[in-house]
Amino acid sequence: MPAHSKTARELLEVTTLLMRSFTARMRQGEQRVEPAHIGILARLSMGPCTLTELAQHQAVRLPTMSKSVALLVVRGWVERSTPAENRRQTMVALTAAGRGVFAEMKRGSTKHVAGLLVTLSDEDRMRVDAGLAILIKALTEAVRNERG
């Protein structure tokens, strides 16, 4: 088996373990963020988008996304609007409360993961940091190339 396949498998395993830990924590938190909503909040933290773009980003059908957005509207985390220039389009944006929830979610998840890593020696942590820097650079470049 090529070395890159082993690395890919292990990276996916780490990602899965982190997501399980992270989503379990989100479900127990004061805000009780559902896993499906994490991606919505993350996308909207980059700026407003159409409901269709949001569904495509999350790889779900439009009715599914519409239901999720409706729940987030009820919670006061997102708002919908219809642009005057295209009344058939629905724009979705984070509210101030939604930005606060997302910021708290990021702070809490950083603290949570830092707690998981506390058992690493300084040397191991530096090796992990170096490996992550390499991965971030490679993945950022790959995503940039995919967008054209």
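The structure is a predicted model, in which local features need pLDDT of at least 70 and side-chain atom pairs count only at pLDDT 80 or more, while totals for chains, interfaces and linings use all residues. Residues are numbered from 1 along each chain as its sequence is written, and side-chain values use heavy atoms, with hydrogens and water left out.

**View 1. A59 in the loop between α3 and α4.** A59 has a positive phi of about 55° although it is not a glycine. Exposed means over 50% relative accessible area, buried under 20%, and partly exposed in between (1.4 Å probe, protein chains only). Helices (H or I, at least four residues) and strands (E, at least two) are DSSP runs, numbered from the N terminus.

**View 2. T50 in strand β1, residues 49-50.** T50 counts as buried because its relative accessibility is 8%. Leaving aside residues up to four places away in sequence, T50 touches Q89, T90 and M91; contact means heavy atoms within 4.5 Å.

**View 3. The largest nonpolar core, with 20 residues.** Such a core is a set of buried Ala, Val, Leu, Ile, Met, Phe, Trp, Tyr and Cys residues joined through side-chain atoms within 4.5 Å. L41, L44, L54 and V78 have the most contacts inside it. Two or more residues come from each of α2 (35-45), α3 (51-58), α4 (62-75), β3 (91-94) and α5 (96-117). Helix α2 gives the most, with 4 residues.

**View 4. Contacts of L41.** Not counting residues up to four places away in sequence, L41 touches V33, W77, V78, L94, V101 and F102.
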